[in-house]
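This briefing is for a reader who is meeting the structure for the first time. It covers a sheet, the helices beside the sheet, and a few single residues.

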Amino acid sequence: MNESEFVPMVIEPPPFTGSLPDDGIDHRLPDPTSHDGPASAPGVRSVIGIDVGGSGIKAASVDPVTGSLISERVRITTPTPATPDAVIGTIVEVVDLVMDRDGATRLDAGAPVGLTLPAVVRSGTVSTAANIDPGWIGVDAVDVIGRALHRPVVVVNDADAAGVAEMRVGAGRSDDGRAVAGVVLMLTLGTGIGSALFVDGTLVPNTELGHLPLHGGDAERYAASSVRKAERLSMKSYAQRLQEYLELVERLLWPDLILIGGGISKRADEFLPLIDLRTPIMPARLRNQAGIVGAAMLAAGSGSAPTAG
Ligand code: BGC
């Protein structure tokens, strides 16, 4: 296809309705540590999910129904400065890498790509840039990334994507296979604090609860996982900060369940027992795959590939 003729589709991520298809497919939780998750259903095409973070751009081809990774996860260091041009160049590279690996066999050339950014993204356009280069503000990410990849693209906030994955195949999924009912809040603790809010399984996008005011500044500057490392806080001191932040969130939202994601969630047993809230709180399950998986699920649900719900 001639590049100048390519007009990317703008695809609005559909809301998750809280139900999964009764399709006889094994929806067991994917193993977060490998790409040998439950077998994919025959005929289900994989979708590329890409998670753009402050330190790395990670991608894999994903079975959007089971959430298991079809290809090995690839990672390239995020360029500095992370300007749109530099990041888009790296996105093209990671997609090429995924295509080179085992995912290529089940990816069709025009299959949509799901991508996360650590920013408010509305109708594909970036509105904030707390932890990325300010050059992203106002960029129509669906348009420019779609043109670079020659594929339709769905672009969503990173925490929202991670939350969608957890609600469908992770800690936010109840025993009957549906998303946990009520108000569920997923918080990702990483470079910043991301949030994804669900009401009966439906995402309320771009909640940005990492920017609640705490101690005269943004809460994420006080309680993100990166702050623990930068200030060399013990887990006990970090848990005290989280306690303050979570009490604030709890006072404002009265959620029914809080899920804690981000890289630090694998050490949840070191800090969650020190947290005392009225709300039940649990570690997320998909660890650093959640963003990739959720992005792929949202892209699959855009109408161009088999959907997960
Ligand atoms: C950004 C959010 C993002 C979070 C986690 C925050 O600084 O404002 O959009 O979800 O970091 O990356």
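Two strands count as paired if DSSP finds at least two bridges between them. By that rule, strand β1 (residues 47-52) pairs with strand β2 (residues 56-62) in the antiparallel sense, over six bridges. The model described here is predicted.

**The sheet**

- Strands of a sheet pair through backbone hydrogen bonds, either parallel or antiparallel.
- Five strands make up an open sheet here, in the order β3-β2-β1-β4-β7, and their pairing is mixed.
- The edges are taken by β3 and β7 (153-157), each with a single partner strand, so one side of each has no neighbour in the sheet.
- On average, neighbouring strands of this sheet are turned by 20° against each other, direction ignored.

- Helix α1 (84-100) lies across β1, β2, β3 and β4 (113-117), and runs at about 35° to β2.
- Helix α8 (residues 290-300) lies across β1, β2, β4 and β7, and its angle to β1 is about 130°.

**The contact of α1 with α2**

- The axes of α1 and helix α2 (residues 141-149) come within 10 Å and cross at roughly 45°.
- On the α1 side the contact involves Pro84, Ile88, Ile91, Val92 and Val95, and on the α2 side Val144, Ile145, Ala148 and Leu149.
- By class, the residues of this contact are nine nonpolar, no polar and no charged.

**Backbone exceptions**

- Most residues other than glycine have a negative phi, and most peptide bonds are trans.
- Threonine 80 and proline 81 are joined by a cis peptide bond, with omega at about -5°.
- Proline 81 sits in the loop between β3 (74-77) and α1.
- Serine 123, a residue other than glycine, has a positive phi near 50°.
- The loop that holds serine 123 runs between β5 (121-122) and β6 (125-126).
- Serine 123 counts as exposed because 11 other C-beta atoms lie within 10 Å, and the limit for exposed is 12 or fewer.
- Tryptophan 254 is not a glycine either, yet its phi is positive, about 50°.
- Tryptophan 254 is placed in the loop between α6 (235-253) and β13 (257-261).
- With 12 other C-beta atoms within 10 Å, tryptophan 254 is also exposed.

**Glycine 262**

- Glycine 262 lies in the loop between β13 and α7 (268-271).
- Glycine 262 is buried, because 27 other C-beta atoms lie within 10 Å and 20 or more are needed.
- Leaving out residues up to four places away in sequence, glycine 262 touches Thr188, Leu189, Gly190 and Ser225.
- Glycine 262 and proline 283 are 21 residues apart in sequence, and their C-alpha atoms are 9.3 Å apart in space.

How values were computed
Residues are numbered from 1 along each chain as its sequence is written. This is a predicted model: local features need pLDDT of at least 70, side-chain atom pairs count only at pLDDT 80 or more; totals for chains, interfaces and linings use all residues. Helices (H or I, at least four residues) and strands (E, at least two) are DSSP runs, numbered from the N terminus. Axes are lines fitted to C-alpha atoms, for helices over the stretch in contact, and angles run from 0 to 180 degrees between N-to-C directions. Two residues are in contact if their C-beta atoms, placed from the backbone, lie within 7 Å. Ala, Val, Leu, Ile, Met, Phe, Trp, Tyr, Cys and Pro count as nonpolar, Asp, Glu, Lys and Arg as charged, and the others, Gly among them, as polar.
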